Amino acid sequence: MGTLAKIRRMHLRDGLPIKEIERRTGLARNTIKAWLRKGEMVEPKYPQRVNQTKLDGYTETLATWLKADLHRGKRDRRTIKALYEGLVEQGYTGGYGRVAAFARRWRAEQSGKVGKGAFVPLKFALGDAFQFDWSTEYAWVGGLRRRLEVAHTKLCGSRAFWLVAYPSQSHEMLFDAHARAFAAFGGVPQRGIYDNMKTAVDKVGAGKKRAVNARFEAMTGHYLFEPEFCNVASGWEKGIVEKNVRDRRISIWHKATKQRWPNMQALNTWLEGECRAAWAELNHPEWPTLKVADVLQDEQQRLMPNPRPFDGYIEVLARVSSTALVHLQRNRYSVPTEHAHEVVSLRLYPERIDVVAENARIASHARSFERSQTFYDWRHYVSLIERKPGALRNGAPFETLPEPLKKLQAILLRHEGGDRVMAQVLAAVPVHGLEPVLVAAELALESGKPSGEHVLNVLARLKAGSQAEVAAARTPLTLTVQPQANVQRYDRLRSVGGDDAQGARA
């Protein structure tokens, strides 16, 4: 527009000829004439330049992928990097920036507007606070694609974070996530910032008023940190951990979804290594020259000492059935038969279940989150088998016997009365322990003709040989005069005895 205005002034105001204007501006004569023929000052319009790029052959594919992602949940949408890697597999040889620019432009066109929310940046002192949140992810565990709840705990000062995967968001999972995170961080901050999750808040009041869950408050009192809760639907108040959920989904969790995990323990062990590796790789946002691990070392000096882990079990009551089983979450677990028809307490932990009766633990099982499963401990039925030995032949709990006892049972049950003899062998387990009985059974099997008496005899000999030596008796009496081997003392006694005898005869 400036050049056009200059040409009009030189020709219409100063009266310069077109040739002189051509000489001064360096423009072509036809261009000058074309602009002067327009009666009004109009901005010139030029056709949009069309650049040929390596992405041109893949724009339809990329647009189809982006459109398909619109119908997926946010956590399942592919990142631009994932889209770029997919195009590379199809032969794309261009750069990542071209793909990112196209995706941003396409998404902006679809949304029609850009969000205009404004927020105040947050800053925390080292050791001041941590933020906690859950995210829902999917992974292949135990051969099945499972829905997992991932606990995110992040220090607001050093930005160190910790991830642990669980089957649910129940209380015992929440308490275990805190115990693991504080152990990894090496201490406890002064405050914890949460949203209004049901495991922490029983009722949301006006403003900042909250009816805090009693069990959750017991956990905060154990670790001595003060809980703070965000306003309703105000996730930006804990934006550090909210961003951590998104970032870790991109940097860590997408790798977890490509692998097959035998169990939850293997997955959490891998997540532990990934978190520590990220601390050493990521730069701190406020001190870019330092790594997160470097700032964490400074923050650890300002954290409160980490006490022993909070005993965060959930207790429920259950009645023992006539088959010595308790039901929990569509699964069944065995208890000693002495407690049949009684009401017992089940203490639920993330990885195990403890059965308690009269303030004593009577059974413990690995916790299962499957359905319609039954978990036996054959030792719970030993006392009953002494009275009902015939149940050994088809007893479901005894399918889990150790291999030496299974072989011995198969041999003994071939003979009449073998079930009663096997019951006597099993009855020795509570008395002598499982390991000695297994050794005795193996020795009896090696002899070629095992029997119940043979096993019990070997067990008795093993027990006798392992008894500790009896310690020497201690007495407060001490010997002051050491005895001497002097036989002449007996001769003197004989002489004294002889004189006495002669005197008596006289």
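1. Three elements, β1 (129-141), β2 (144-155) and α9 (239-256), each contribute two or more residues, that is at least two, to the lining of the largest cavity. The model under discussion is a predicted one, and the points below should be read with that in mind.

2. Within that lining, α9 provides the largest share, with five residues. Sorted by class, the lining of the largest cavity comprises five nonpolar residues, two polar residues and three charged residues.

3. On the matter of volume, the largest cavity comes to about 50 Å³, and the structure contains one cavity that reaches 30 Å³ or more.

4. Turning to helix α6, which covers residues 96-111 and has 16 residues, the distance from its first C-alpha to its last is 23 Å, which is close to the 22 Å expected at 1.5 Å a residue. The buried residues in α6 are V99, A100, F102, A103 and W106.

5. What do the buried residues of α6 pack against? Their packing partners are α4 (59-69) and α5 (80-89). On the face of α6 that is turned away from its buried side, by contrast, the exposed residues R104 and E109 are found.

6. A colleague checking backbone angles may wish to look at R330, a residue other than glycine whose phi is positive, near 65 degrees. R330 is placed in the loop between β10 (325-328) and β11 (331-334). Is the side of the question that concerns solvent settled as buried or exposed for R330? R330 counts as exposed because its relative accessibility is 61%, where the cut-off for that term is over 50%.

7. H341 is likewise a residue other than glycine with a positive phi, in this case near 70 degrees. The position of H341 is in the loop between β11 and β12 (343-348). With a relative accessible area of 54%, H341 is exposed, and the same cut-off of over 50% applies here.

Key. Residues are numbered from 1 along each chain as its sequence is written. This is a predicted model: local features need pLDDT of at least 70, side-chain atom pairs count only at pLDDT 80 or more; totals for chains, interfaces and linings use all residues. Side-chain values use heavy atoms; hydrogens and water are left out. Helices (H or I, at least four residues) and strands (E, at least two) are DSSP runs, numbered from the N terminus. Buried means under 20% relative accessible area, exposed over 50%, partly exposed in between (1.4 Å probe, protein chains only). On a 1 Å grid over the protein atoms alone, a cavity is a set of points where a 1.4 Å probe fits but cannot get out, and a pocket is an open set with protein on both sides within 12 Å along at least five of seven lines; lining residues have an atom within 4 Å of a point. Grid points are joined across faces, edges and corners, and a volume is the space filled by probe spheres set on the points. Ala, Val, Leu, Ile, Met, Phe, Trp, Tyr, Cys and Pro count as nonpolar, Asp, Glu, Lys and Arg as charged, and the others, Gly among them, as polar. The expected span of a helix is 1.5 Å times one less than its number of residues. Contact means heavy atoms within 4.5 Å.
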